[in-house]
Amino acid sequence: MGKDVIIACDFASKEATLNFLDKFTDVKPFVKIGMELFYAEGPEIVREIKARGHKIFLDLKLHDIPNTVKKSMAVLSHLDVDMTNLHAAGTITMMQGALEGLTRPDGTRPLLIAVTQLTSTDQERMENDLLIKEPIDKVVMHYANNAKIAGLDGVVCSPLEAGKVHDTCGKNFLTVTPGVRFADGDVGDQKRVMTPEQAKKIGSDYIVVGRPITAAEDPIAAYKRCVAEFVD
Ligand code: C5P
């Protein structure tokens, strides 16, 4: 499983997304498509970006009853995405259903990654709103382990948690990590960040990078810098 840089294409429309991707002529980066773009443009945006030769992480974070998730994952699998995700909070049974739905008749399937606790959920919100009283680190590792038990490929986590996830779930269990910034770049609204080089050292398998590339004056140079620091 090769390390790679995934560009978060957090654009509101197909036009803005394709304008951005048009800049990439000699390389075809792995891209992440989230809910905003998918709900605005529908599955056609996935087919179009795929037809241009990009790998796609479809970040829709499914969470529903196992049967519904299984059937929805079968639809996403037909779309030929390379990676997709769900909430580990949906239970091991839901995650197993998702894997079944994703698996194509020939046995191949997209990578399936779990979200543990969203980084927008802190200890206080988890205790008061969700009535989960354990320390958040323990909850994150427990959910990661549930994802592993269900047969998933890895989790989305902070680069700061990637080492511990590998210690808990094994080094082949993938860590997909947002919250990446260049040493000399803007942090923006991300709180706990790492450079691509640090993420590499700590053992992230994929970094998800949005604004440091999409808002750069020269997105190609910024993407290549990420690859040089993280992959090469
Ligand atoms: O622009 P930036 O590099 O901050 O984008 C990071 C991407 O990763 C966004 O699409 C964001 O929604 C996503 N993400 C995140 N933190 C998480 C999970 C996903 O920043 N815990």
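Modeller: Start with the largest pocket; the model is predicted, and the pocket's volume is about 1200 Å³.

Biologist: What makes a residue count as lining the largest pocket, and which are closest to its centre?

Modeller: A lining residue has an atom within 4 Å of a pocket point. For the largest pocket, 43 residues meet that cut-off, and L118, T119, S120, P178 and Q190 are the closest to the centre. Elements giving two or more residues are β2, α2 (35–41), β3, α7 (136–150), β8 (206–209) and α10 (211–214).

Biologist: What classes make up the lining of the largest pocket?

Modeller: There are 17 nonpolar, 13 polar and 13 charged residues.

Biologist: How much space lies in the second largest pocket?

Modeller: About 250 Å³. Its lining has 14 residues, with F182, G185, D186, R211 and P212 the closest to its centre. Two or more residues come from each of α10 and α11 (219–230). The top contributor is α11, with three residues. By class, the lining divides into seven nonpolar, two polar and five charged.

Biologist: Why is α1 called roughly parallel to α3?

Modeller: The axes of α1 (residues 14–22) and α3 cross at roughly 10 degrees. Angles under 35 degrees count as roughly parallel, so α1 is roughly parallel to α3. Their axes come within 11 Å.

Biologist: How do you know that α1 and α3 are in contact, and through which residues?

Modeller: Contact needs heavy atoms within 4.5 Å. On the α1 side the contact is made by K14, T17, L18 and L21; on the α3 side, by I45, E48 and I49. That contact has four nonpolar, one polar and two charged residues.

Biologist: What makes β6 and β7 a pair?

Modeller: A pair needs at least two bridges. Three bridges join β6 (residues 154–156) to β7 (residues 174–177), so the two strands pass that test. They run parallel.

Biologist: How many strands close into the barrel, and in which order?

Modeller: Eight, in the order β1-β2-β3-β4-β5-β6-β7-β8, with parallel pairing. Neighbouring strands are turned by 25 degrees against each other on average, direction ignored.

Technical notes:
Residues are numbered from 1 along each chain as its sequence is written. This is a predicted model: local features need pLDDT of at least 70, side-chain atom pairs count only at pLDDT 80 or more; totals for chains, interfaces and linings use all residues. Side-chain values use heavy atoms; hydrogens and water are left out. Helices (H or I, at least four residues) and strands (E, at least two) are DSSP runs, numbered from the N terminus. Axes are lines fitted to C-alpha atoms, for helices over the stretch in contact, and angles run from 0 to 180 degrees between N-to-C directions. On a 1 Å grid over the protein atoms alone, a cavity is a set of points where a 1.4 Å probe fits but cannot get out, and a pocket is an open set with protein on both sides within 12 Å along at least five of seven lines; lining residues have an atom within 4 Å of a point. Grid points are joined across faces, edges and corners, and a volume is the space filled by probe spheres set on the points. Ala, Val, Leu, Ile, Met, Phe, Trp, Tyr, Cys and Pro count as nonpolar, Asp, Glu, Lys and Arg as charged, and the others, Gly among them, as polar. Angles under 35 degrees count as roughly parallel, over 145 as roughly antiparallel, 65 to 115 as roughly perpendicular and the rest as oblique.
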